[in-house]
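Thanks for coming. I'll take one chain by itself, then the contact it makes with its partner.

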Amino acid sequence: MHLVYPAVLAALLFSVGVYGVLARRNVVLVLMSVELMLNAVNLNLVAFDAWLRDAVHAGQALTLFTITVAAAEIGLGLAIVLLVFRTRRTADVDRLTVLGDPSEAAPDAAAAEPEGQAA
Amino acid sequence: MSTLLAAAGSLEPASRSFLSPTGAEVVFLLVGLAVLGSAVVSVTTKQLVHAALWLVVALGGLAVEFLLLTAEFIAWVQVLIYLGSVVVLVLFGLMLTRAPIGRSPDADSGNRWAALLVALAAAGTLVTLVADAFRTSWIDLTAGGGSTRATGEYLFRHWVLPFEALSVLLLAALVGAIVLSRSTSGTLPRPRAGKLRAGKPVGRPGAPAAPAPSTAPTAPAQER
Amino acid sequence: MNLALPILVPALPALGAAAGLATGKRFPGLARPLAVLPVAVSAVLAVVVAVQLGTGQSLDAATRLTPTGGPDISLALHLDGFSVLISLLVGLVATLVQIYSTAYLKDDPRYPSYAALVSLFTAAMFLVVYSGDLIVLLVGWEIMGICSYFLIGHHWETEDARSASLKAFLVTKLGDVPFVFGIFALGADAGSFRVTDVLAAATEGRLGHPTLIALLLLGGVAGKSAQFPLHTWLPDAMAGPTPVSALIHAATMVAAGIYLVARLMPVFLLSAAALVVLAVMAAVTMVGSALCALAQDDLKRVLAYSTVGQLGYMAGALASGDRDSAVFYLVGHGVFKALLFLTAGVVIHAAHTNSISAMSRMPGLRKRVPDAYWAMGIGLVALMGLPPFTGFFSKESVFTAAEHAAHGEALTRGVGPASAVPEAAGWIVLVTACLTALLTAAYSTRMWLVAFHGRAAGEPAAAEAAAAPAAGAPYSPEIDEADPATAEPAAMRWPLWVLAVPAMGFGLLGLRDDWLPSLLDGGSLRPTVTTSVLGTGLALAGILIAYAAWRTAGARQAARPAAEGAPADPGRLLLGPVYRFAQHGFGVDRLYSALFVRPTAAAARLVNFLDREVVETYVRGAGTGANALGWLVRRAQNGNAQAYLNALLAGAVLLAVLVAVGS
């Protein structure tokens with residue numbers, strides 16, 4: 001197989017993931033796009049591993065590790081999202097601007113009293 | 001048998017040329033188109049839950065690609081972890097953050113045009129570079145490089161330490177997720193017994209099932 | 001003689017000034033002794049020096065002060081008859097002024113600084129007169145200028161004093177600029193700044209540019225001695241206290257210019273053009289100022305214009321080549337003009353107004369200030385030049401000098417060739433001096449009659465309460481701090497009589513050749529018969545004309561209804577249509593204002609505008625620019641994580657492209 005196929009597919013998938021990270025409003029959708037990017041990287045790793053016929057299969061090993069880390073990451077990420085949602089009542093990236101310059105940041109959603117009940 | 005083979009000539013492709021793709025390449029291309037298409041839909045659709053579902057398609061397609069690249073174990077791990085747990089987590093996340101069902105007009109933020117620009121630039125750059133660099137590189141697809149046996153061998157022989165470290169990472173992530181998603185009031189609510197409708201056994205036709213205690217977080221007032 | 005004495009003469013008042021300035025606030029009791037004593041001692045020492053010097057001799061002493069790469073500057077002393085004579089005048093008038101001031105400025109909170117400045121001024125004048133080096137003379141010249149600024153502006157609470165002091169300073173400095181260059185040119189030509197060297201170079205004909213030098217020096221003379229066209233500061237300088245006017249503007253500072261020309265006469269005699277220019281200046285000044293004096297309502301302004309005119313007499317004498325008569329006139333004039341100013345101070349203090357028309361409505365005035373009345377009379381007679389008072393002899397000497405110059409036999413008394421003085425200069429001076437003698441008598445008589453002999457035309461005699469100045473009078477009464485209880489305090493009275501004596505008798509010193517003339521260049525200062533008759537006749541004619549005009553004006557006013565208000569003013573009658581112009585100095589002030597003041601003010605406004613709108617705009621723009629830049633940068637910190645990531649990735653892509661393309 002010509003190496004260009006998986007490489008180009010990975011590149012395009014990565015760019016789609018970039019668009020998603022930068023353009024989506026909901027935090028969860030952003031995390032999904034990050035997953036897309038990670039998968040593109042995985043594809044690349046596997047393709048190059050096959051091309052190089054690596055004896056220690058570094059590419060595939062790294063792919064496995066990437067999948068693991070991505071899973072851990074999305075778990076933690078969603079926990080954070082939930083926390084943010086509980087305190088700020090919004091999962092809107094545009095509204096989470098507390099760390100910006102006070103004169104520039106858009107007012108974020110009124111922080112309601114924290115939820116009393118856990119999921 | 002041997003005469004048939006001799007008559008047919010070699011089964012090897014005549015020469016390696018880009019314009020006469022092998023079967024694997026064709027399949028790869030088609031599945032790749034599907035993956036790309038569903039990924040694009042996933043990041044552009046206005047229905048949030050549909051986005052998650054299209055992500056499933058994309059990730060599944062990628063598993064097929066892995067198979068085509070002779071990495072079986074990884075393909076099945078992909079299905080197991082990504083399709084099995086990650087997407088489920090994402091769906092849970094969408095549900096718990098009250099993602100709107102149906103079309104939501106403000107699914108894209110104000111940065112989308114800049115994002116499009118950056119994405120196109122990135123795509124253009126990467127594709128140009130990659131295509132230019134690997135114009136004359138071919139993968140020799142030999143089966144067995146990604147089998148479970150091979151995976152076990154290389155993983156526990158050459159990659160033991162990172163493997164163990166990853167388990168610690170997973171433990172840390174687990175603990176972290178639990179800590180983060182604990183209620184901020186500090187005290188855990190006392191577990192309450194659910195309300196039972198007395199006298200009516202569960203499952204009798206005609207009798208309404210006992211309404212399970214609501215486990216979904218009841219938000220008294222939703223501010224949007 | 002012991003050199004310490006002539007050195008102490010300028011040094012003592014300077015030390016007194018320093019001590020006065022240092023202790024004025026803390027020991028106010030010392031102010032008066034420190035004011036009077038050093039000047040008095042200096043005056044006595046000046047007399048001693050004069051006696052010790054004797055006649056016909058000169059003293060030179062010098063020590064090099066600083067090398068300059070060109071002619072050196074030395075601290076030099078040059079005493080001769082002119083120096084000691086003028087120093088006597090300065091010492092006498094300065095002492096009397098200081099004594100007078102102790103009463104005149106009795107309640108002034110700034111008296112210590114005033115007295116110190118008067119002492120410093122006196123020291124500077126002594127320095128000018130004793131100096132043997134032109135640069136040291138220049139130092140004294142300039143110190144006098146700055147002291148004059150401070151003293152005229154003594155009552156700086158009033159707008160008039162502030163603007164008058166500034167005007168005096170600027171106009172005299174305007175004349176001082178060519179003066180300085182003249183001194184430099186003189187020093188360069190003669191190779192030295194020492195007066196003796198310069199005079200030797202002049203008489204030996206070694207000066208390369210005598211006309212240029214003389215004309216440049218005349219600039220300073222015109223400024224300091226208030227000749228046309230730089231005379232405008234003197235009438236306005238009357239806003240200062242009257243003792244200041246007596247010292248500075250009668251006896252000393254304005255005499256410095258005349259003294260300078262007299263000292264450097266050999267240089268001036270080398271340039272006929274400069275002498276003609278001086279003659280023309282003197283002529284215009286004499287006649288113009290006399291006409292103006294005839295129209296003034298303010299007592300002090302009459303005296304100021306009179307000073308300007310009398311200085312014109314001295315300048316005219318110099319233009320005729322005779323420096324002896326000029327210095328003779330200078331000393332005499334210093335005495336009687338100081339007398340007139342001091343008496344004017346007493347009269348103004350008693351009448352609470354400067355205006356003679358207001359004084360004319362106070363019939364009891366002369367009974368309240370009898371000493372001042374008679375002293376002023378003596379001074380005015382001396383001014384008019386009636387025999388045997390001082391003014392007669394000095395005026396005759398000027399006439400004589402002018403007449404000789406007009407006939408080509410200028411009385412240069414050995415300083416230079418008689419042919420050096422052009423006849424035109426002599427004629428100009430002679431004609432205008434005659435006219436001025438007439439006008440001087442006229443305005444003196446007018447002043448005397450209007451101020452002291454006015455008839456309260458139809459109004460009740462209790463007009464002294466309504467002592468407001470006439471409407472539209474171009475002055476404001478100076479602040480007067482003398483004791484309001486007495487009309488004539490003692491310390492303001494007997495200086496008048498001390499001055500009256502030389503006002504009457506000084507001129508007699510010129511009669512014998514071995515008295516005054518031996519102190520100067522020799523030659524005779526005796527009046528001739530023709531000029532005596534001419535001069536006295538003109539003066540008497542002036543008196544009669546003024547008296548007649550006064551009677552006529554008085555009669556006319558008595559005939560008209562009493563609602564007219566304006567008292568009988570013979571000046572108005574005599575001058576006719578010229579009166580209005582004469583009252584405002586023939587519009588010279590307006591001309592200067594239009595030529596110089598308004599363009600400068602407009603330029604200043606333009607500069608202010610440019611500074612505010614152009615330069616400030618850049619400065620403010622820097623601030624605004626920084627603000628805008630900050631706003632721009634702040635937009636990048638909007639808190640939106642996606643925007644940050646956007647920028648990050650765009651940068652990464654850019655870098656990747658650059659690397660790819662570059663390699």
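Helices here are DSSP runs of H or I with at least four residues, and strands are runs of E with at least two, numbered from the N terminus. On that count chain B has 7 helices and 0 strands. Read from the N terminus, the order is α-α-α-α-α-α-α. Bear in mind that this is a predicted model.

Staying with chain B, 30% of its 224 residues count as buried. Its exposed surface comes to about 14,100 Å², with 69% supplied by carbon and sulfur atoms. Among contacts between residues at least 6 apart in sequence, 67% join residues at least 24 apart.

Now the interface. Interface size is often quoted as the accessible area lost when the parts come together. For chain A and chain B that is about 7,700 Å², and carbon and sulfur atoms account for 74% of it.

On the polar side, 18 residue pairs are in polar contact between the two chains, counting pairs with both residues at pLDDT 80 or more.

One salt bridge pairs B:Asp108 with A:Arg24, where the closest N and O atoms are 3.0 Å apart.

Notes
Residues are numbered from 1 along each chain as its sequence is written. Chains are lettered from A and ligands numbered from 1 in the order in which they are written. This is a predicted model: local features need pLDDT of at least 70, side-chain atom pairs count only at pLDDT 80 or more; totals for chains, interfaces and linings use all residues. Side-chain values use heavy atoms; hydrogens and water are left out. Buried means under 20% relative accessible area, exposed over 50%, partly exposed in between (1.4 Å probe, protein chains only). Contact means heavy atoms within 4.5 Å. Accessible areas come from the Shrake-Rupley method with a 1.4 Å probe; for residues, only the protein chains shown count as cover. Buried area is the accessible area (1.4 Å probe) that two parts lose on being put together, summed over both. A salt bridge is a side-chain nitrogen of Lys or Arg within 4 Å of a carboxyl oxygen of Asp or Glu. A polar contact is a pair of N or O atoms within 3.5 Å; within protein, one must be able to donate a hydrogen and the other to accept it, and residues adjacent in sequence count only if both atoms are side-chain atoms.
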